[in-house]
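Hello,

Here is the structure I promised to pass on to you. Please have a look at it, and then read on for what turned up.

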Amino acid sequence: MDYKKKPTEEKLAEKEQMKILPNSPPLYPLPEEIIKMERNETKCDYCGVSYLTLYENRQLQSRLAQLEAELQEWKETAQREKAQLEAWELNRLEQERELQAQVDVREKTTRDELEKRYRDMTKTLKDEFEAKSDRTRNKMKADHQKIIEEKERQLRRELGDLMVEKLRKQREELKKSAEERETVLRTDLQKAKEISKNLKKNLHELRQRLGTADDMKDEAQEKLRKEKQNVETLR
């Protein structure tokens, strides 16, 4: 090759042309066989610059534009996901507050209802037992008073050993009747004790239910804590 020095004006024009060329569209597309050539086949043996610099530059520009578009798309996607995550976090916190409020209200309502039911049941059973005991006691007193009065009248009308014997028998009968009445009272007392025992058993069951309600509350708090951990993991 014969290399000649170009004038200064030609060099300047060539530089201006090199500045314009990368941004100018190619006049003709490269043939497929040239595109598939190796790097050492397209470079200058003296300066090492490829003859396909313009084509490679346009390939890089196209790839850069594609990567910039993908980057912008990723940024928009990240912003949308961030907004969705923030909205989901706000919704989760709101649901958590509502769930906690419902658990507290339900627990308080259950405890108040069980305590009221226990107080009402205890008061009712106590009033029934006291009323029954008063009726039985008053009836026994009235019956004893009637029997005593009747026997006294009979004693006044009757004389002699026969009446004394009868009085003794009547006293025995009164004693036996009193013992029977006492047996009835003891039976009623035993029933009252059984009722009291049942009340204690009901109270124990109520306390177990309250303990179950507390366990449910702990489970709900554990679930909320795990949900928070999952959200932190997602973040």
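Leu-85, Trp-88 and Leu-234 make up a nonpolar patch on the surface, with about 280 Å² of accessible area together. A patch here is built from residues with over 30% relative accessible area and no salt bridge; nonpolar side chains (Val, Leu, Ile, Met, Phe, Trp, Tyr) are joined within 5 Å and like charges within 9 Å. Areas come from the Shrake-Rupley method with a 1.4 Å probe, and for residues only the protein chains shown count as cover. Leu-234, one of the patch members, is found in helix 5 and is exposed, with a relative accessible area of 62%. For that wording, buried is under 20% relative accessible area, exposed is over 50%, and partly exposed lies in between (1.4 Å probe, protein chains only).

Before going further, please keep in mind that this is a predicted model: local features need pLDDT of at least 70, side-chain atom pairs count only at pLDDT 80 or more, and totals for chains, interfaces and linings use all residues. Residues are numbered from 1 along each chain as its sequence is written, and side-chain values use heavy atoms, with hydrogens and water left out.

Now the overall picture. The protein chain has 5 helices and 0 strands, so defined because helices (H or I, at least four residues) and strands (E, at least two) are DSSP runs, numbered from the N terminus. Along the sequence the pattern reads α-α-α-α-α. Of its 235 residues, 11% count as buried. The accessible surface of the chain comes to about 20,300 Å², and 54% of that belongs to carbon and sulfur atoms. Where contacts link residues at least 6 apart in sequence, 72% of them join residues at least 24 apart; a contact means heavy atoms within 4.5 Å.

On to the charged pairs. How many salt bridges does a search of the whole structure find? The search gives 15, each being a side-chain nitrogen of Lys or Arg within 4 Å of a carboxyl oxygen of Asp or Glu. Side chains of opposite charge can pair when their charged atoms come close. Three of these pairs are worth a look on your screen:

- Glu-89 and Arg-92 form a salt bridge whose closest N and O atoms are 2.8 Å apart. They sit 3 residues apart in helix 4 (residues 53-157), so about one helical turn separates them. Glu-89 is buried at 11% relative accessible area, and Arg-92 is buried too, at 9%.
- Asp-112 pairs with Lys-108, the closest N and O atoms being 3.0 Å apart. Asp-112 is partly exposed at 33%, whereas Lys-108 is exposed at 54%.
- Glu-182 and Arg-186 meet through their side chains in a salt bridge of 2.8 Å, N to O. Arg-186 is exposed, with a relative accessible area of 56%, while Glu-182 counts as partly exposed at 37%. They are 4 residues apart in helix 5, which means about one helical turn from one to the other.

There is also a network: salt bridges that share partners join Glu-89, Arg-92, Glu-96 and Lys-228.

Is Asp-188 buried or exposed? At 16% relative accessibility, Asp-188 counts as buried. Leaving aside neighbours within four places in sequence, Asp-188 is in contact with Phe-129, Lys-132 and Thr-136.

Finally, a word on confidence. The chain averages a pLDDT of 78, and 77% of the residues score at least 70; pLDDT is the predictor's confidence in each residue, from 0 to 100. Confidence is highest in helix 4, at a mean of 86, and lowest in helix 1 (residues 8-20), at 50. Over residues 1-7 the pLDDT stays under 50, and the model has 3 contacts beyond four places in sequence for them. Residues 17-23 also have pLDDT below 50, with 8 contacts in the model beyond near neighbours in sequence.

With best wishes
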